[in-house]
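Here are my notes on this model, point by point. Please read them with the structure open.

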Amino acid sequence: ARKQYDGKFEEVCFQVSMLTRLILSSVIYGDRRDTREFMTQHEDHGEDDVCWKIRKEYFENKIGSFDTVSRLNQVRSDISRQCLEFAQKPSGIYRLNVPTGAGKTLCTLRYALTHAEKYKKKRIIFVIPLLSVLEQNAKVLREYIGDEEIILEHHSNVIQENMQNEELDRYELLCTTWDAPVIITTLVQLLNTLFAGQTSAVGRMRALCDSIIVIDEVQSLPKKTTELFNMAMNFLYHYCNAAIILSSATQPCFEELKWPVHLADH
């Protein structure tokens, strides 16, 4: 581990702390699942495996009717095609650096669905820091994924008063486990999952394993959390088989810090 992190003892210790948190997360999840099964006398099979191939075919059919006549749409189509091709590469930490209006939401969704199918990922997590754009982006993601049952929105704008009791119970359970194939959430919820002390936050960390994490507008990350964020992303990449996309029109130089993010070199 020291060789992996260039002999920086502090970073090695941080990764060990992340591993400890991940183990605790698995224990919390298992304990609550066992308790739930005992109380309901019903075996909980957890999340169902989603067929990413079907979701990808649905998505490709939707975008197949796009107009590619205008110059702007040609540029968008070219960026989308590059994301599709890039999805064949092994999981890593990557940047998507394209201008505002270039269609980042659909480009990252195309990457994620293709990569999830090829590498058998368990879930896709879209992290949208700004509530002002979250609902708009979530609407687009829902439209192009095409299956409401596999999507969980976990953020403060979700109105729970309109839910029936059974529906509310299921929603609250999913918010504590993140046992959904597609999660749309905020940067606050992701940082809580990685660092907050509440058991509900710790319990979600196991859900980050074998996932694709797309972080939109990554430049909005609070400066005081940047190096912690970098090391946490490195842990998810190196040890949790996560693919991470840092999406922004104005990319911060995370790799230039004392504790840099380990961008993939392939």
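1. Lys-121 is the place to start. This residue sits in the loop between α4 (104–119) and β2 (123–127). The model is a predicted one. Lys-121 is buried and yet has no salt bridge. The nearest side chain of opposite charge belongs to Asp-210, 5.3 Å away. A salt bridge here requires a side-chain nitrogen of Lys or Arg within 4 Å of a carboxyl oxygen of Asp or Glu, so Asp-210, at 5.3 Å, does not qualify as a partner.

2. What does the side chain of Lys-121 reach instead? One partner is the side chain of Ser-91, in a polar contact of 2.9 Å. Another is the backbone oxygen of Asn-241, reached at 2.6 Å. Leaving aside neighbours within four places in sequence, the contacts of Lys-121 include Trp-52, His-115, Ala-116, Ser-211 and Ile-212. Ala-242 and Ala-243 are also among them.

3. Most residues other than glycine have a negative phi. Asn-241 is partly exposed, with a relative accessible area of 40%. Its backbone oxygen is the one that the side chain of Lys-121 reaches at 2.6 Å.

4. Trp-178 also has a positive phi, near 55°, and is not a glycine. Trp-178 is placed in the loop between α6 (165–177) and β4 (182–185). Is the residue buried or exposed? Trp-178 is buried, with a relative accessible area of 0%.

5. Helix α9 (residues 226–240) passes a simple length check. At 1.5 Å a residue, its 15 residues should span 21 Å. The end C-alpha atoms are 20 Å apart, which agrees.

6. How many of the 15 residues of α9 are buried? The count is 11, so the helix is largely enclosed by the rest of the structure. Among the buried residues are Phe-229, Met-231, Met-233, Phe-235, Leu-236 and Tyr-237. Asn-230, Asn-234 and Cys-240 are buried too. The cover over these buried residues includes α1 (9–40), β1 and α7 (187–195). β5 (211–215) and β6 also contribute to that cover.

7. No disulfides turn up in a search of the whole structure. Cys-13 is in none, and its nearest cysteine sulfur, that of Cys-240, is 18 Å away. The cut-off for a disulfide is 2.5 Å between sulfur atoms, so the 18 Å separation rules out that pairing. Cys-13 counts as partly exposed, at 34% relative accessibility. Cys-240, in α9, is buried.

8. Salt bridges number 10 across the whole structure. One joins Arg-142 and Glu-153, with the closest N and O atoms 2.8 Å apart. Arg-142 lies in helix α5 (residues 131–145) and Glu-153 in strand β3 (residues 151–154), so the pair ties together parts that are 11 residues apart in sequence. Both residues are buried.

9. Another salt bridge pairs Glu-255 with Arg-95, at 2.4 Å from N to O. This pair links distant parts of the chain, 160 residues apart. Glu-255 is in the segment after β6, and Arg-95 is in strand β1 (residues 93–97). Glu-255 is partly exposed, at 28% relative accessibility. Arg-95 is partly exposed as well, at 32%.

10. A local case comes next. Arg-81 and Asp-78 form a salt bridge whose closest N and O atoms are 2.3 Å apart. Both residues lie in helix α3 (residues 71–86), three residues apart, about one turn of the helix. Arg-81 has a relative accessible area of 37%, which makes it partly exposed. Asp-78, at 31%, is partly exposed too.

11. The last item is a histidine pair. His-262 is found in the segment after β6 (243–248). Which side chain does the side chain of His-262 meet in a polar contact? The partner is His-238, at 2.9 Å.

Definitions and conventions. Residues are numbered from 1 along each chain as its sequence is written. This is a predicted model: local features need pLDDT of at least 70, side-chain atom pairs count only at pLDDT 80 or more; totals for chains, interfaces and linings use all residues. Side-chain values use heavy atoms; hydrogens and water are left out. Buried means under 20% relative accessible area, exposed over 50%, partly exposed in between (1.4 Å probe, protein chains only). Helices (H or I, at least four residues) and strands (E, at least two) are DSSP runs, numbered from the N terminus. Lys and Arg count as positive and Asp and Glu as negative; His and the chain ends are not counted. A polar contact is a pair of N or O atoms within 3.5 Å; within protein, one must be able to donate a hydrogen and the other to accept it, and residues adjacent in sequence count only if both atoms are side-chain atoms. Contact means heavy atoms within 4.5 Å. The expected span of a helix is 1.5 Å times one less than its number of residues.
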